Amino acid sequence: MEKYLKRIRKNNIICREEIIARLYSLIGVADEPMPESIFVYGHMATGKSLIIQSLLDYLKYNVSYVNCIEHLGSKHIYNYILDDLVTSIKESSSDSQSKYNCDNIMDFIIALKKISRSDKRPIVLVFDKCHKIRHFDVTFLPVILRLKELAGINICTILISEIVWDKFNTKIGALRPIKIYFPQYTKDELAQLLLFDKPTNYDIDFYKNYLNLFLSVFFRFCRDLNELRHMAKINFAKYVEPIESKRIEPDNITALWRNISGTLRSNLEIIYLRVSTSDFLQPDYQMSREIESTTKLALSFELPFYAKYMLIAAYLASYNPVKYDKHIFMKQSSKRKKKIRSIKKTGEDAEKKCRVFTISRMLAIFCAILDEKVDINANLLAQISTMCQLGLLSIVGDNITQLDETKFKCCASHDFIIVVAKTVGFEIKNYLSVNMA
């Protein structure tokens, strides 16, 4: 236990020692039987997934991590878990994966028994964002909570959620798991965590003073560590600007506060956009006060992560000619960087002509610009209908009488797309083409 605590401190995991000690007491000894299920819950950015993954990586168990948002039903999850568990066993992966495919819970339990016989390590199944499995068939949740009893092996199910257990009501009842709550970080804990992002050319005391000023404005309105880290980083440049220009001395905290207080309060309005007020003044984006209303409009939609990428893909399909798709989006092309450099241009010129595109082309671009593998399932495709209802996309033509696939047109403006792309860290200007004909 002490060795693990020393290790996680080196990885900047702090302020969670009591919770880690409880988790370690439950699953930390491989020779002892583990609990049937553990329910980990708390607000976003409180360290739930990070600590669970760090602990299981240290314990070297046979583990499968499941992001429930990416899966449509129980059958898909069964096969995903079995593939995950089999790949960690030193056998030929092709034979094992074909051997352990299953269609129902009984096949899944039989496959788990076979895997347990070939690998004596404890098995841990982690279901992140597990509130999504409430919409599966009624037997799924009760079964995965009792896998240890049903399979007769040393297996534990860990559910990670942002909602309380009382919201997981099932019609047939379910075994109540051991509940572990991750509270939100206090102001002092957030200051300790944000201190890890200290620039190397400034001392600790100076950065602590900055964080105290920063949290005095932001802590009341935001407890999300990820958002606070981003805003602390971009506002620090404004904080040290008068010091670098030698207008204010580094130890004159009162003067530094007067200089930064207005900027901090302005940035409260756009904290979840992942931008700052200084972005409105950059010539590359040409964002004036009238465009600031566009950013507030983009924030008001609250699009999911994948829906934002889908909208970006629709914009690229609408303003890029089809003949340049191969040059821009094919990652395996050896001359890709050179060709993109020769055809990229500013969004202002790219907006001259809005083109109609098919849904298959939009999905192809979506998969190309996304840096991770994602299943094109019904939940993802439903975002297209939602964006049509919001007026971000429009269907072109009468698709009831036509036999070809549905065609769309992107209705979002360039300024709107810039804001959406910035919230996910996507440089859209590198993917806009110029008419080379």
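In this predicted model, helix 14, which spans residues 305–319, and helix 18, which spans residues 359–369, have axes that come within 8 Å and cross at roughly 120 degrees. A second pair, helix 10 (residues 204–218) and helix 11 (residues 225–244), packs at an angle of about 120 degrees, with axes 10 Å apart.

**Helix 14 and helix 18**

- With an angle of roughly 120 degrees between their axes, helix 14 and helix 18 are therefore oblique to each other.
- Helix 14 passes helix 18 in a crossing that is right-handed.
- On the side of helix 14, the residues that meet helix 18 are Tyr-306, Tyr-309, Met-310, Ile-312, Ala-313, Ala-314, Leu-316 and Ala-317, and their partners in helix 18 are Arg-361, Met-362, Leu-363, Ile-365, Phe-366 and Ile-369.

**Helix 10 and helix 11**

- Helix 10 and helix 11, at an angle of about 120 degrees, are therefore oblique to each other.
- Where helix 10 and helix 11 cross, the crossing is right-handed.
- Helix 10 contributes Phe-206, Tyr-207, Tyr-210, Leu-213, Phe-214, Leu-215 and Phe-218 to the contact, while helix 11 contributes Leu-228, Met-231, Ala-232, Asn-235, Phe-236, Tyr-239, Val-240 and Ile-243.
- The residues of the contact of helix 10 with helix 11 comprise 14 nonpolar, one polar and no charged.

Technical notes. Residues are numbered from 1 along each chain as its sequence is written. This is a predicted model: local features need pLDDT of at least 70, side-chain atom pairs count only at pLDDT 80 or more; totals for chains, interfaces and linings use all residues. Side-chain values use heavy atoms; hydrogens and water are left out. Axes are lines fitted to C-alpha atoms, for helices over the stretch in contact, and angles run from 0 to 180 degrees between N-to-C directions. Helices (H or I, at least four residues) and strands (E, at least two) are DSSP runs, numbered from the N terminus. Angles under 35 degrees count as roughly parallel, over 145 as roughly antiparallel, 65 to 115 as roughly perpendicular and the rest as oblique. A crossing is left-handed if the near helix is turned anticlockwise from the far one by less than a right angle, and right-handed if clockwise. Contact means heavy atoms within 4.5 Å. Ala, Val, Leu, Ile, Met, Phe, Trp, Tyr, Cys and Pro count as nonpolar, Asp, Glu, Lys and Arg as charged, and the others, Gly among them, as polar.
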